[in-house]
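These are my notebook entries on one structure, written down in the order in which I looked things up.

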Amino acid sequence: MTTTATTTATEPLLSIRDLTMTFPGRRARSAPVRAVDGISFDVAAGETLGLVGESGCGKSTTGRLIVRLLEPTAGSITYAGRDISHLPQRTLKPLRKDLQMVFQDPHSSLNPRQTVARIISDPLVVQGSSAAQARKRAVELMELVGLIPEHVDRYPHEFSGGQAQRIGIARSLATGPRLVVADEPVSALDVSVQAQIVNLMERLQQDLGLAYLFIAHDLSVVKRVCDRVAVMYLGRIVEIGDKERVYAAPAHPYTRALLSAVPLPDPAAERARERITLLGDPPSPATPPPGCAFHPRCHKAQDICRSEAPLLRITTPGEAREAACHFPEEA
Ligand code: SF4
């Protein structure tokens with residue numbers, strides 16, 4: 001198998017190709033919204049792929065497609081060699097053990113009327129475990145994620161935000177998944193708590209061999225947790241590759257602008273570095289600009305950018321990194 005930035009060196013656990021999701025327009029005659037526009041990437045077993053971009057770029061929709069909370073309009077999702085893109089819910093049920101999701105806002109993703117025991121054990125009961133077995137496992141999972149097992153009969157409102165996210169993580173692990181889609185798992189938490197949850201997720205990955213699709217808008221968090229990173233803009237991947245390469249020498253002007261806003265720990269380096277300000281807000285995915293969708297905000301845009309959409313391609317020979325730009329930054 002030939003490896004590119006989009007693919008992995010080993011047989012992928014997850015492989016998505018030309019994945020597309022179009023939603024109908026909000027009003028009767030408004031244009032459909034292409035939230036995800038033909039994206040492709042692989043995730044290997046035990047790997048973390050970071051998926052970053054501004055709000056509304058399609059990263060959360062991508063996560064929901066992968067765990068099949070949504071059915072794609074076009075393209076394919078292959079999990080462990082099986083095309084799951086259009087499997088009916090009944091057939092998906094056994095696969096749900098393997099593919100789980102952690103949500104952004106821990107409190108709103110937990111049923112306030114259920115005890116923690118019920119919340120964590122429900123996925124197991126759905127998969128056929130007895131109530132007693134599922135409760136025993138819920139207690140074990142409480143301990144695994146750093147919660148006090150004796151609190152298993154409490155309700156979500158009795159826990160802090162960080163503790164509630166630990167409950168969400170425990171629930172996602174109940175069925176022994178191989179891939180967890182984590183959709184902004186720390187962005188609703190205080191900074192000090194964010195670090196604790198990131199530490200926990202890293203430990204769980206090592207202990208359990210999990211693969212993560214880690215969705216975030218905070219590039220410093222993604223830098224810490226991921227092996228590779230994919231940058232989305234208006235439904236498309238504009239840059240993807242090894243974390244070290246993308247962070248050290250971003251090839252796409254959008255990636256460069258995002259990274260220029262990440263604070264540096266060294267005050268001297270912070271003062272010296274060039275900041276790139278993005279012009280305006282991202283355009284609506286219902287009416288994307290022609291050519292390169294980033295051109296209205298790009299300081300390097302030229303005539304070709306306004307008429308011809310650049311393809312994702314390797315910009316420096318031999319590098320496992322691709323960018324979609326007619327004039328990529330020099331490595
Ligand atoms: Fe900017 Fe043109 Fe590259 Fe698009 S293709 S990112 S407009 S330089």
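What share of the 331 residues in the protein chain is buried? I kept in mind that this is a predicted model, and I found that buried residues make up 50% of the chain.

**Entry 1, the whole chain.** I looked up the secondary structure, which comes to 11 helices and 12 strands. I then compared the radius of gyration with the rule for globules: a compact globule of 331 residues would have a value near 20 Å, and the protein chain has 21 Å, which agrees. Along the principal axes, the C-alpha atoms fill a box of roughly 65 × 50 × 45 Å. When I took the contacts between residues at least 6 apart in sequence, I noted that 63% of them join residues at least 24 apart.

I located Pro106 in the loop between strand E6 (99–102) and helix H3 (116–126). Pro106 counts as buried because its relative accessibility is 3%, and the cut-off for buried is under 20%. Leaving out residues up to four places away in sequence, I listed what Pro106 touches: Gly161, Ala164, Gln165, Ala188 and Leu189. Pro185 is 79 residues from Pro106 along the chain, yet their C-alpha atoms are separated by 8.1 Å. Moving on to H3, I found several buried residues, including Val116, Ile119, Ile120 and Leu124, and the buried residues of this helix pack against helix H4 (131–144) and helix H5 (161–173). Just after H3, Gly128 takes a positive phi of about 110°.

I looked up Arg68, which has a positive phi of about 60° although it is not a glycine, and which has its place in the loop between helix H1 (59–66) and strand E4 (74–79). Ala80 is not a glycine and has a positive phi of about 50°; I found Ala80 in the loop between E4 and strand E5 (82–83). Is each of them buried or partly exposed? Arg68 counts as buried because its relative accessibility is 3%, whereas Ala80, at 46%, counts as partly exposed.

Methods: Residues numbered from 1 in each chain as written. Predicted model: local features only at pLDDT ≥ 70, side-chain atom pairs only at ≥ 80, totals over all residues. Heavy atoms only, no water. Helix = DSSP H or I, 4+ residues; strand = E, 2+ residues; numbered from the N terminus. Rg over C-alpha atoms; globule rule 2.2 N^0.38 Å. Buried < 20%, exposed > 50% of the residue type's maximum accessible area, 1.4 Å probe, protein only. Contact = heavy atoms within 4.5 Å.
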